[in-house]
Amino acid sequence: MTPLARPLIERCRRAWKNDDGASFAIPLFVVLLALTAAASLSLLVDGGRATTAQRNANSIAFQAARSAAQELDTGDLRNGVIVVSPSADAAARSTAATLLDRVGLDGSVISVDVDGRRITVTITATTNLTSSAALGRSSVTVQGVGSTRIAAGVVSEETPLP
Amino acid sequence: MTDLLTRARQTCTDDRGVSEVIGLVFLTVPIVAFIALLAWAGKAAETVVRVDHAAEASVQAAALQRTPDNARSAATTVANNSLGTVCAGGPEVTVDTSAFAPGNFVSVTITCTFGTVDGFNDTMVSTSSAVIDRYRQP
């Protein structure tokens, strides 16, 4: 310890031992600050995980809708009529399962809605949380929605639209 | 007035003033660190969103192409247009066309190194997959 530091440390020791309440107030404030910072960081991390899961869910639902849009009735298609095949539901579910597996999420397809040429897929996806588990919430489930419309044409979409 | 001056003198010469200054010094460091962390998190979150969005746009562009070469080119162009000024040295784009056929998947992975507000670099990676249209000329 340098001669210059010794008096300073001695003064600090006296100051912190001073029985006027300040000796408790500052450490208490530091502890509260640390707890607040830790809580904020955990919210940041888990919030990020939930946001990523939401983005993935929307993206996967959109790709599942695109898959379903590829399932057309070939008989009608040869006559120039575009009708979504009943296999669209299975195609959407298969695509969703594959992509959910790729991004490491648990989830499933809630619905595949076909409205003319518009197909909308809704899925759920569950992701595990880290720090929120201590507060009794170990996972979060989000809902993703994706919609697509079948566009027919050779070099550009047919007009007028049906 | 005299009483006030006396109290002020006592306050300024009291040891308690020293402890408060030391406490303030000890508090300033974690507070500044926490603010820097929040600033980094904000910058990182913004970059994550942009890289994720670029990956989705790139893979969509790739899925609309007719050949693997065109798919790689389209994905790279979209990624560079989206992230050219965000990523240091431009984004690194990897296009997985190993199963490039109608009805299969094509994937794009973008790696982006960006400068954070605290002067350090960080790297974000985002992967996105898309279905290749079935009814198209192979």
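Student: Which side chain does Arg93(A) meet in a salt bridge?
Tutor: The partner is Asp89(A), at 2.6 Å from N to O. This is a predicted model, and the distance is computed from it.

Student: How far apart are Arg93(A) and Asp89(A) in helix H4 of chain A?
Tutor: They are four residues apart, so about one helical turn separates them. An α-helix has 3.6 residues a turn, so residues three or four places apart point the same way.

Student: OK, and which residues of H4(A) are buried?
Tutor: The buried ones are Ala88(A), Ala91(A), Ala92(A), Thr95(A), Ala96(A), Leu99(A) and Leu100(A). Their arc around the axis is only 155 degrees, which means that they lie on the same side of H4(A).

Student: What follows the helix?
Tutor: Gly104(A) follows H4(A), and its phi is positive, near 75 degrees.

Student: Back to salt bridges. How many are there over all chains?
Tutor: Seven, from a search of the whole structure. One of them pairs Glu71(A) with Arg134(B), with the closest N and O atoms 2.8 Å apart.

Student: Where do the two ends of that pair sit?
Tutor: The pair crosses between chains. Glu71(A) is in the loop between helix H2 (22-69) and helix H3 (74-78) of chain A, while Arg134(B) is in the segment after strand S3 (121-131) of chain B.

Student: Is Glu71(A) buried or exposed?
Tutor: Glu71(A) is buried, because its relative accessible area of 11% falls under the 20% cut-off. Arg134(B), at 37%, counts as partly exposed.

Student: Which residues are linked in a network of salt bridges?
Tutor: Arg55(A), Asp52(B) and Glu56(B).

Student: And what does Asp69(B) pair with?
Tutor: Its side chain meets that of Arg72(B) in a salt bridge, 2.6 Å from N to O. Both lie in helix H3 (residues 68-83) of chain B, three residues apart. Asp69(B) is exposed at 53%, whereas Arg72(B) is partly exposed at 33%.

Student: Last topic: what pattern does chain A follow along the sequence?
Tutor: The pattern is α-α-α-α-β-β-β, with four helices and three strands. Of the 162 residues of chain A, 32% count as buried.

Definitions and conventions. Residues are numbered from 1 along each chain as its sequence is written. Chains are lettered from A and ligands numbered from 1 in the order in which they are written. This is a predicted model: local features need pLDDT of at least 70, side-chain atom pairs count only at pLDDT 80 or more; totals for chains, interfaces and linings use all residues. Side-chain values use heavy atoms; hydrogens and water are left out. Buried means under 20% relative accessible area, exposed over 50%, partly exposed in between (1.4 Å probe, protein chains only). The arc is that of the directions from the helix axis to the C-beta atoms. A salt bridge is a side-chain nitrogen of Lys or Arg within 4 Å of a carboxyl oxygen of Asp or Glu.
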